[in-house]
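Hi,

Here is the structure I said I'd pass on.

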Amino acid sequence: MVTIPAEPGTTIEKDPRLGSRPTQTIKIKDSRSYSAFRVFNGIAIIVICAVTLYPFLNIIAQSFSSEGYINAGQVNLIPRGFNVTTFEVVMSDSMFWRNYANTVIYTVVATAIAMVLTTCFAYALSKRHLKGRSFFIGLAVFTMFFNGGLIPNYVLINAMGFTNTIWAIVLPNAISVFNLLVMKAFFENFSQELEEAAEIDGLTTYGILWRIVIPLSKAVMATMILFYAVSFWNAWFQAFLYLDRRELYPVTVYLRNLLAGATGTEQMGGAAGEGTQIASNVQSVTMLLTTLPIICLYPFLQKYFVRGIMLGSVKA
Amino acid sequence: MSAIGVTEGSSQPALREAGVVPEFKDPNSTPKKKRRADRKGYAGTNNTNTWKHAFKTDWRLYTLLILPLLFLLVFRYLPMAGNVIAFRRFRPGSSIFGDEWVGMHYIEMFIQDPTFWRVFWNTIILGVLTLAICFPLPIVLALMFNELRSNKFKRIAQSISYLPHFMSIVIVAGMVLQLTSVNGTINQLISSLGGESMPFMQLPEWFRTIYVTSEVWQTVGWGTILYLAALTTIDPQLYEAARIDGANRWKQMWHVTIPGITPTMIVLLILNVGTFMAVGFEKVLLLYNPLIYETADIIATYVYRVGITSSNFSYAAAIGLFEALIGLVLILSANGIARKLGGNSLW
């Protein structure tokens, strides 16, 4: 049996029984430069994390600060002139709540539609014997790399009469090909024996999908729901493009208009901000409230997203 | 089964050591004919392999396909066909495929349009900068995470670095606008160092820096995931072998770790190259303003203004089609090159 030299930086080096081995002399030198690197590495990671978190902390600090301190450029990490009146101001705007409710409705409806379509598509495509399967997969995958583009889409949605309706928001992005491939990969590994047994017991394809496959795929279903829900919650452009009545906006468009008003530039069209300077703390509070559900769900989101991405890295 | 399997990695070496699993198993060693026969095995004789037979046995599966295929047809392939308005005159209210042929009229129009060339070069510069900076950084960060010994610290650091990925682009734009504003943090830093504060979002020379920085902030942490997954699949025996051969940590990284994640790097590079013309349209639209069009205006935002704001649909469609075709050519050629070089292609 070959003795393997200790991995540098592990405790084995300090073991007196191994201390005098000839290979250790080189290793100790190696380990010194490596441990210097590890210290540097640890510090670098802490700095990266701090920089990543800073914009969030800044938003929170501004939310609780008074406008005077913000305009004087004195707010960074700690709130100055602590108050919660900005929250009261934003939350007393009925349009904010209306748009917030719209976001919830759009997210729920769009996610439901997307899940139905994606599940049906993925399940059918996961059956390797299905004739025409690779053609259908190709049809879906091609849209990842080539799409109609903004103008033809806009013309189409207008021609279908979807302008100022919920359908312009929930239908055009109902199938994400990435999610489809993740789900297909999952279904492909689903126990064939179980499905065959169900078939023998008299279940049809629909029955197998509805009563066997879906109940046993809760983890991947949850992952997909989160993928879709986050993307629909965060979306703004479809709504910005196809909705021009304020009471239909999702909260992201509400926020965009605040920001556009604040930059003092209204070139972007639409019902952009009224040209008035919107105070930074109002913007911050709106941002905070808009993203609050995501932050609250973050521990789950992260876990499921990472898992989903791993599944998705299965080669299409 | 998986290109980047995660969990299998740990048990395999042990089995290999015990001689259960042979050292090498080339999937291509089985003759092609035999594999094809295996795959077709269920079908039995040839006359069952017809569409008629397929519909008869699998009609329920095909009904599941109806709605998704209808979706693809209406919302993906119909707009592709709708690009024909780049060659036809389109008037609002007319058919989505336009009224009459005008040939290359709109193509010639944008080739002679100086603004088009400005936004074209802006797109290329922004795309190349983003690719050059945002592609390698996740690799570096993943290697840095990989060197952390404390699992708890590693987990916390990863969680923090993923956070920006979950934010709406509107929130990210809002943060950028606030941090770069005259009384924002960056100007606070500058003035505390004795400099003059600057209205960054009104200075064209700063836009690219700000854009790429925000892109780094938003994407690098999340970008490490696939590399970290690939790192866990590297066989620990390779490290042991390298140590026996006298390789130190740096040499191990160079000769074991990097080759181990190269396939992932190539696949992600192809994807990045293929999408680099589509650089953050939504983000630019949220961040830019007429004062910085000189550097900030890209093809997609120009298409948006020409088409949606000014209603020159055919002209905008022509430019959009041009951009989409470049994107397609880019991804096809990146994939082709990767296949020729190392066999790690997307398809």
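Let's begin with a charged pair in chain B: E147(B) and R249(B) form a salt bridge, with their closest N and O atoms 2.9 Å apart. (A salt bridge here is a side-chain nitrogen of Lys or Arg within 4 Å of a carboxyl oxygen of Asp or Glu.) E147(B) sits in the loop between α6 (136-146) and α7 (151-162) of chain B, while R249(B) belongs to helix α12 (residues 249-274) of chain B, so the pair ties together parts that are 102 residues apart in sequence. Helices are DSSP runs of H or I with at least four residues, strands are runs of E with at least two, and both are numbered from the N terminus.

Before you go further: this is a predicted model, where local features need pLDDT of at least 70 and side-chain atom pairs count only at pLDDT 80 or more, while totals for chains, interfaces and linings use all residues. Residues are numbered from 1 along each chain as its sequence is written, chains are lettered from A and ligands numbered from 1 in the order in which they are written, and side-chain values use heavy atoms, leaving out hydrogens and water.

Is E147(B) buried or exposed? E147(B) is buried, with a relative accessible area of 7%, and R249(B) is buried too, at 13%. (Buried means under 20% relative accessible area, exposed over 50%, and partly exposed in between, using a 1.4 Å probe and protein chains only.)

E147(B) also turns up in a contact with chain A. N41(A), in helix α1 (residues 23-63) of chain A, touches M144(B), E147(B) and L148(B), leaving aside residues up to four places away in sequence. Contact means heavy atoms within 4.5 Å. N41(A) is buried, with a relative accessible area of 1%.

Back in chain B, the side chains of R89(B) and E100(B) meet in a salt bridge as well (3.0 Å, N to O). R89(B) is in strand β1 (residues 88-89) of chain B and E100(B) in strand β2 (residues 100-101) of chain B, so this pair ties together parts that are 11 residues apart in sequence. Both partners are partly exposed: R89(B) has a relative accessible area of 30% and E100(B) one of 31%.

Now for chain A. The side chains of K184(A) and E188(A) meet in a salt bridge (3.0 Å, N to O), and both residues are buried. They are separated by about one helical turn because they are 4 residues apart in helix α8 of chain A.

That helix also packs against another one. The axes of α4 (residues 94-126) and α8 (residues 177-188), both of chain A, come within 8 Å and cross at roughly 45 degrees. Axes are lines fitted to C-alpha atoms, for helices over the stretch in contact, and angles run from 0 to 180 degrees between N-to-C directions. Residues of α4(A) including M115(A), F121(A) and L125(A) meet residues of α8(A), among them L180(A), M183(A) and F187(A).

Finally, some totals. Over all chains, the whole structure has 12 salt bridges. Chain B holds 16 helices and 2 strands, and 48% of its 347 residues count as buried. Among contacts in chain B between residues at least 6 apart in sequence, 63% join residues at least 24 apart.

Cheers
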